[in-house]
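Here are my notes for someone opening this one for the first time. Have a look around before reading on.

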Amino acid sequence: MNEGPLVRWDWVWSHLDDIWELTVQHVVLTVIAVSLGLVIAGPLAYYGYRHYAARGPITWVAGVLYTIPSLALFAFLVPFTGLSILTAEIGLVGYTLLILFRNIVAGLDAVPDGVIEAATGMGYTDRRRFWEVELPLAMPVIIAGIRIATVTTVGLVTVTSLISYGGYGKFILQGLNRFFNTQIIIGAVLSVLLATVADVLLIRLERRVTPWAQRRSE
Amino acid sequence: MSGFWADAWTFVLDNLSGDGGIPELLVDHIRISAFTVVLASSIALPGAMWLGHRGRGLAAAVAVVNIGRAIPSFAIVALALPVTIAIGLGLGFWPTFLALFALALPPIFVNTVTGVSEVDDSLVESARGMGLTESQILRTIELPIAMPVILSGVRLSAVQVVATATLGALVGWGGLGRYVVDGFATQNNPKVFIGGLLVALLAITTEIFFSFLERVLIPKGLRKGKKGEPSHERAEAH
Amino acid sequence: MKLFASLAALALVAVACGGGTETKEDGPTIVVGSFGFGESEIIGEIYRQALEAEGYTVEHNVQIGPREIVKPALESGEIHIVPEYVGSALEVGFGVTPSGDGEASRDQLEELYEPLGVSVFGLAPGEDKNTYIVMKAFADQYDLESISDLAGVGRTIEFGGPPECTERPRCLAGLQGTYGLDLNFTALDAGGPLTMAALTGGEIELGLAFSTFVFNPDVVLLVDDLLLQPDENIVPVVNNVIIDAYGSDIEKILNAVNSKLTTADLAAMNKRFGVDKEDAADIAADWLADNG
């Protein structure tokens with residue numbers, strides 16, 4: 001059932017419009033998930049940063065969400081929220097929460113106490129100090145978290161193919177359904193490419209946002 | 001929703017034994033995960049330790065793990081199937097194992113190379129000065145110091161494997177993923193829930209097991225402090 | 001701005017003249033939903049393209065999954081049109097035993113769907129039945145022609161099928177009950193590559209397949225001598241939302257294409273999909289060109 005070359009390039013060329021469509025779907029699902037993840041994890045992380053006791057419970061909840069196998073979570077949600085983008089996003093956002101929460105908190109924690117004291121000494125209000133000193137210094141670790149969350153989400157989007165979305169995962173599922181290696185391989189390769197591109201873009205973003213870190217040589 | 005919880009509980013009670021019951025699937029799931037992690041460790045550790053000792057292969061290691069992390073586990077499982085069929089190993093266990101093995105290697109390999117190479121050079125130098133052989137240095141100095149990072153890698157790998165083994169049900173294997181896939185196909189939500197819950201519990205148990213292992217294998221003076229490290233190595237557990 | 005004004009004028013005219021039914025431009029987008037296998041995707045594409053050719057805006061939610069997921073989606077209006085199989089629609093969808101005759105099943109199905117706001121259109125001549133298959137070597141070894149002959153094997157037989165087979169009365173239960181077979185079941189897929197690979201690889205001895213989707217010359221389709229499987233003609237099943245919006249046009253279009261769909265057509269199209277790896281959309285387009 002699988003004669004012929006491993007990858008049928010003619011098939012790839014004739015399906016470029018499908019590839020484009022799936023790219024858009026994959027990117028949209030990922031961007032929504034990570035953005036919403038930040039919107040939710042951000043304030044939670046700030047709260048956890050300020051109130052040490054809150055970290056345990058928040059980490060625990062996010063951790064439980066994270067450990068549930070993605071397939072199970074999506075399958076479980078379908079009867080309630082249908083085969084909709086909501087179902088996909090509930091799962092995808094849930095998985096970003098632990099990574100983002102932990103990294104934002106860790107990033108803020110890592111800001112040296114001396115710097116905070118100096119800022120307070122110079123007359124910064126708590127609010128100004130947070131936005132102008134603590135947050136920028138925490139950026140490298142926070143963006144590291146966003147990178148991991150993004151790459152993980154790109155991978156997870158493929159699983160949503162089982163609930164009629166999937167982005168590139170649609171190729172993987174269809175290829176699996178009819179033993180079409182080309183489709184599986186292209187689906188996998190494109191996912192890796194997308195994750196890599198996203199990773200590189202985020203590294204660039206990190207450099208833009210932390211210009212002082214670049215002046216130090218490694 | 002009370003009907004749901006009752007159904008879920010009934011499902012658990014009905015499946016406490018027998019074919020396709022919870023113990024059978026649980027044991028299968030644990031077996032394939034343990035087998036994979038042990039095999040991956042046996043293969044990755046020696047090479048990675050030596051590379052770390054020589055101070056080589058760091059860039060390659062990082063590149064490997066970045067790409068490895070980017071490949072969706074679903075894709076790896078799907079790709080493993082035509083491979084195992086082409087080489088006559090069929091479906092079910094072998095493609096699942098192959099995919100899990102591919103997933104298990106990177107964290108173990110990278111963490112080991114990084115951990116061993118980060119051991120303070122001055123320690124290694126003075127050991128050399130005292131006349132220890134290269135392999136003695138590796139065994140008695142670098143390995144104990146790198147142990148936290150190495151174990152962290154194996155732990156990551158193990159949790160990832162346990163969670164991803166769920167996908168094996170998509171290529172004809174069993175394990176706890178069977179409840180998820182079959183439950184979804186028959187819209188039996190309590191079944192899906194129990195399947196997911198059991199895997200989650202197994203993953204948590206794995207984490208706890210490794211915490212315990214760390215306590216046993218790492219000398220007190222080398223254990224990590226209270227402020228947790230940021231998540232550069234956090235598992236992509238799916 | 002001018003474009004907007006003219007569209008608005010057009011809409012006003014349409015509403016004034018059209019009465020209850022909406023124009024194709026401002027009505028709801030029609031959503032076709034197919035089951036999780038190639039043949040359903042192809043028929044879904046035929047329906048979609050036939051409607052699009054008449055100016056409707058149609059989407060196709062491709063290969064959603066088994067009926068257990070598709071039927072609730074149809075009833076809730078998440079999808080509007082499903083190419084159903086008349087026997088299984090009755091049995092699996094409503095738990096009602098079909099008589100075996102396609103037309104009778106169709107009428108029963110229509111009655112059962114009415115209170116749910118779903119209409120059932122006309123039968124296609126073509127059907128695709130669940131078939132049980134074995135490898136030729138196995139058939140020769142035990143002299144198997146029909147499913148009843150399997151009793152002659154005299155031991156537990158390894159059987160593979162879709163996960164939902166354990167819940168379906170004409171699947172595992174039917175083989176065990178009606179045919180009295182002793183089976184060990186492995187969950188694979190719905191007559192797809194997993195089942196085929198397991199059968200050819202010897203991991204199962206008996207598999208479930210779709211009668212129009214078997215292309216391996218070494219595979220034998222066992223005759224259903226006790227008529228476990230009912231008629232399974234293709235029939236469009238439609239959520240009334242679409243009929244309320246667009247009127248009887250929908251029924252006319254779908255019946256026109258559906259009535260030309262033969263079993264031979266299905267087998268030929270499936271081969272192009274499964275063996276030649278062609279796209280369902282292309283296969284459907286070709287069929288419509290030949291039969292439109």
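This is a predicted model: local features need pLDDT of at least 70, side-chain atom pairs count only at pLDDT 80 or more; totals for chains, interfaces and linings use all residues.

1. Every value below is computed from it, so to speak of confidence, side-chain atom pairs count only at pLDDT 80 or more.2. Start with chain A. Its secondary structure comes to ten helices and zero strands, and the run of elements from the N terminus reads α-α-α-α-α-α-α-α-α-α. Along the principal axes, the C-alpha atoms of chain A fill a box of roughly 75 × 45 × 25 Å.

2. How much of chain A counts as buried? Of its 218 residues, 56% do. Take the contacts in chain A between residues at least 6 apart in sequence: 76% of them join residues at least 24 apart.

3. Next, look at where chain A meets chain B. The contact draws 42 residues from chain A and 40 residues from chain B, and the two chains bury about 3,600 Å² between them. Carbon and sulfur atoms account for 76% of that area. On the chain A side, Tyr66(A), Thr67(A) and Phe76(A) lose the most area to chain B, together 15% of what that side buries.

4. What about polar links between chain A and chain B? The count is zero salt bridges and one residue pair in polar contact, with both residues at pLDDT 80 or more. Several helices of chain A each supply at least two residues to the side that touches chain B: α3 (52–67), α4 (70–81), α5, α7 (126–159), α8 (169–177) and α9 (181–209). By class, that side of chain A has 30 nonpolar, ten polar and two charged residues.

5. Chain B also touches chain C. Here the contact takes twelve residues from chain C and 15 residues from chain B. Chain C and chain B bury about 1,000 Å² between them, with 68% of it on carbon and sulfur atoms. Across this interface the rule finds zero salt bridges and one residue pair in polar contact, both at pLDDT 80 or more.

6. Which elements of chain C supply at least two residues each to the side that touches chain B? They are α3 (67–76) and α8 (193–200) of chain C. The largest share, three residues, comes from α8(C). By class, this side of chain C divides into eight nonpolar, no polar and four charged residues.

7. Now for the inside. The largest nonpolar core has 159 residues, and Leu150(C), Phe159(C) and Leu206(C) touch the most other members. Helix α5 (residues 85–109) of chain A gives the most to this core, with twelve residues. A second, separate core has 18 residues, including Ala40(B), Ala158(B), Val161(B) and Ile218(B).

8. Leaving aside neighbours within four places in sequence, Leu206(C) is in contact with Leu150(C) and Phe159(C), among others. The list of partners also includes Tyr132(C), Ile133(C), Val134(C), Ile157(C), Glu158(C) and Gly160(C). Leu175(C), Leu183(C), Leu199(C) and Leu222(C) are in contact with Leu206(C) too.

9. Is Ser34(C) buried or exposed? Ser34(C) is buried, because its relative accessible area is 0%, under the 20% cut-off. Ser34(C) sits in strand β1 (residues 30–35) of chain C, and a polar contact of 2.8 Å joins its side chain to that of His60(C). Not counting residues up to four places away in sequence, Ser34(C) touches His60(C), Asn61(C), Val62(C), Gln63(C), Ile64(C) and Gly65(C), among others. Ser40(C), Glu41(C) and Val70(C) are also touched by Ser34(C).

10. Two backbone angles deserve a look. Most residues other than glycine have a negative phi. Asp143(C) has a positive value, near 55°, and lies in the loop between α6 (136–142) and β6 (157–161) of chain C. Asp143(C) counts as exposed, because its relative accessibility is 67%, over the 50% cut-off.

11. The other angle belongs to Lys277(C), whose phi is also positive and near 55°. Lys277(C) is found in the loop between α11 (263–274) and α12 (280–291) of chain C. Lys277(C) is buried, because its relative accessible area is 7%, under the 20% cut-off.

How values were computed: Residues are numbered from 1 along each chain as its sequence is written. Chains are lettered from A and ligands numbered from 1 in the order in which they are written. Side-chain values use heavy atoms; hydrogens and water are left out. A nonpolar core is a set of buried Ala, Val, Leu, Ile, Met, Phe, Trp, Tyr and Cys residues joined through side-chain atoms within 4.5 Å. Buried means under 20% relative accessible area, exposed over 50%, partly exposed in between (1.4 Å probe, protein chains only). Helices (H or I, at least four residues) and strands (E, at least two) are DSSP runs, numbered from the N terminus. Contact means heavy atoms within 4.5 Å. Buried area is the accessible area (1.4 Å probe) that two parts lose on being put together, summed over both. A salt bridge is a side-chain nitrogen of Lys or Arg within 4 Å of a carboxyl oxygen of Asp or Glu. A polar contact is a pair of N or O atoms within 3.5 Å; within protein, one must be able to donate a hydrogen and the other to accept it, and residues adjacent in sequence count only if both atoms are side-chain atoms. Ala, Val, Leu, Ile, Met, Phe, Trp, Tyr, Cys and Pro count as nonpolar, Asp, Glu, Lys and Arg as charged, and the others, Gly among them, as polar.
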